[in-house]
Amino acid sequence: MAPGETPRRADRSPRSGETDSPAEEALTDHLHPQGGTLVADSADLVMPASAVAEDEARRRRFRLSPINRRRWATFRANRRGTWSLWLFLILFTLTLFAEFIANDRPLYIAHDGGHYFPVFVDYPETVFGGDFDTSAEYRDPFVAELIEERGWMLWPPIRYHHDTVNYDLPVPAPAPPSAENLLGTDDQGRDVLARVIYGFRISILFGLTLTLFSSLIGIAVGAVQGYLGGWTDLVGQRVLEVWSGLPVLYLLIILASIVEPNFWWLLGLMLLFSWMSLVGVVRAEVLRARNFDYVRAAAALGVGRWTILVRHVLPNAMVATLTFLPFILNGSITTLTSLDFLGFGLPPGSASLGELLAQGKQNLQAPWLGITAFTVLAVMLSLLIFIGEAVRDAFDPRKSSL
């Protein structure tokens, strides 16, 4: 064999007349000659078994268990619930970027060689050649002409924020739908479509936040009552009976009339009463699960009481709890809408579907106000109901099948 020539596979065998085994051949493929000497590249000699094990562990981390795969298949089998979920996610995702869809500020301005983003930064009028050192009013024809003389503007699809007043209406407000205002304006000249987009987002975010915190409190209280039992359960049930007997809506109206509520203040007020909805369900599930054999076996092995509750009992109780969450979200949105309709909800001027309903009631000559608010609320609540029904079927063992 000439110097520097790569040895053939048969020449590499230490035993004459024998060929390499598959493992030796795989190892030989990672060898390269340097000056006639076979040198192994340490970066290439990684054990294949470890790589396979890491890949398998990575797959297991993101793989659903058989029972969860069966639940997901049952959920997808409910076509109405599946389509409702996708439609709801699309609508909610779009409203999360409402500032890029409906805004009275341009998305981007190219002016005199500079680049400006009014959606994120508040620029004074003097930046574009104006006379005042105040925030630029981009809908003002004078400011628009200054910018377009030496640049251009990129506007969102709807050139109105939820609180922007259209002063160029051809008729008194509320104005009917037109090319400028697709769903018309309210009684103050604000674009209805922009207020619907922002109101949809506020309603969903408020409902999700209230559902999350009320569920955490309700699950914790129900789990402690059901697992500890005895006097803890007895006293807790009596407190719940008294607290749930209070007229919730009237108390919310009284508390909201004392101070002007904002988003978080109103959330705190409603959280005082909304956490009770899950206590009974979780308590019943924990009372049932705490007598199972595996729970008694864990206690006999010396596992701590709270460890058993959190790691063994509570996960089984969550199955029935999850089916109630879409309906609790529905109730949260409906309560916010009711308070806004009565005038005790979000501060005046906030984009609210309840406030739009109230305007429709006060302006019967403008039917687009009530019809728009009713349609948006009906679609939103119907989608959540359909999703809740699909989730309930997915967690129902009688309807889940392989």
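# Reading the labels on this structure

Guide: Thr 185 is found in the loop between E5 and H6. This is a predicted model, so every label below rests on computed values.

Visitor: Why is Thr 185 called buried?

Guide: Buried means under 20% relative accessible area. Thr 185 comes out at 0%, so it counts as buried.

Visitor: What is Thr 185 in contact with, beyond its neighbours within four places in sequence?

Guide: Contact means heavy atoms within 4.5 Å. With those neighbours left aside, the partners of Thr 185 include Leu 169, Trp 368 and Leu 369, along with Ala 173, Pro 174 and Ala 175. The Thr 185 side chain also reaches the backbone nitrogen of Ala 175 at 2.8 Å, and a polar contact needs N or O atoms within 3.5 Å.

Visitor: What makes the peptide bond from Ala 173 to Pro 174 cis?

Guide: Its omega is near 0°. Pro 174 has its place in the loop between strand E5 (151-154) and H6. For background, most peptide bonds are trans.

Visitor: What stands out about the phi of Asp 112?

Guide: Its phi is positive, about 55°, although Asp 112 is not a glycine. Most residues other than glycine have a negative phi. Asp 112 is found in the loop between strand E3 (108-111) and E4. At 47% relative accessible area, Asp 112 is partly exposed, because that label covers values between the 20% and 50% limits.

Visitor: How do you know that Glu 389 and Arg 80 form a salt bridge?

Guide: The criterion is a side-chain nitrogen of Lys or Arg within 4 Å of a carboxyl oxygen of Asp or Glu. Glu 389 and Arg 80 meet at 2.7 Å, N to O. Glu 389 lies in helix H15 (residues 367-394) and Arg 80 in helix H4 (residues 79-96), so the pair ties together parts that are 309 residues apart in sequence. Arg 80 is partly exposed, at 46%.

Visitor: Why does the pair Asp 393 and Arg 392 count as a salt bridge?

Guide: The limit is 4 Å, and these side chains meet at 3.9 Å, N to O. Asp 393 counts as buried at 14% relative accessibility, whereas Arg 392 counts as partly exposed at 43%.

Visitor: What separates Arg 288 and Glu 285 along their helix?

Guide: About one helical turn, because they are three residues apart in helix H10 (residues 279-289). Glu 285 is buried at 17%, while Arg 288 is partly exposed at 45%.

Visitor: How many salt bridges does a search of the whole structure find?

Guide: Twelve. A network of salt bridges links Asp 186, Arg 190, Arg 195 and Glu 355.

Visitor: Which residues of helix H14 are buried, and what covers them?

Guide: In H14 (residues 353-362), the buried residues include Leu 353, Leu 356 and Ala 358. Their cover includes helix H6 (192-228), helix H13 (325-342) and H15. At the start of H14, a side-chain oxygen of Ser 352 reaches to within 3.3 Å of the backbone nitrogen of Gly 354.

Visitor: What makes the nonpolar surface patch, and how does Phe 117 qualify?

Guide: The patch, of about 700 Å², is made by Leu 96, Phe 97, Phe 100, Phe 117, Phe 120, Val 121, Leu 205 and Leu 208. Patch residues need over 30% relative accessible area. Phe 117 has 37% and counts as partly exposed. Phe 117 is found in the loop between strand E4 (114-116) and helix H5 (141-149).

How values were computed: Residues are numbered from 1 along each chain as its sequence is written. This is a predicted model: local features need pLDDT of at least 70, side-chain atom pairs count only at pLDDT 80 or more; totals for chains, interfaces and linings use all residues. Side-chain values use heavy atoms; hydrogens and water are left out. Patches are made of residues with over 30% relative accessible area and no salt bridge: like charges are joined within 9 Å, nonpolar side chains (Val, Leu, Ile, Met, Phe, Trp, Tyr) within 5 Å. Accessible areas come from the Shrake-Rupley method with a 1.4 Å probe; for residues, only the protein chains shown count as cover. Helices (H or I, at least four residues) and strands (E, at least two) are DSSP runs, numbered from the N terminus. Buried means under 20% relative accessible area, exposed over 50%, partly exposed in between (1.4 Å probe, protein chains only). A polar contact is a pair of N or O atoms within 3.5 Å; within protein, one must be able to donate a hydrogen and the other to accept it, and residues adjacent in sequence count only if both atoms are side-chain atoms.
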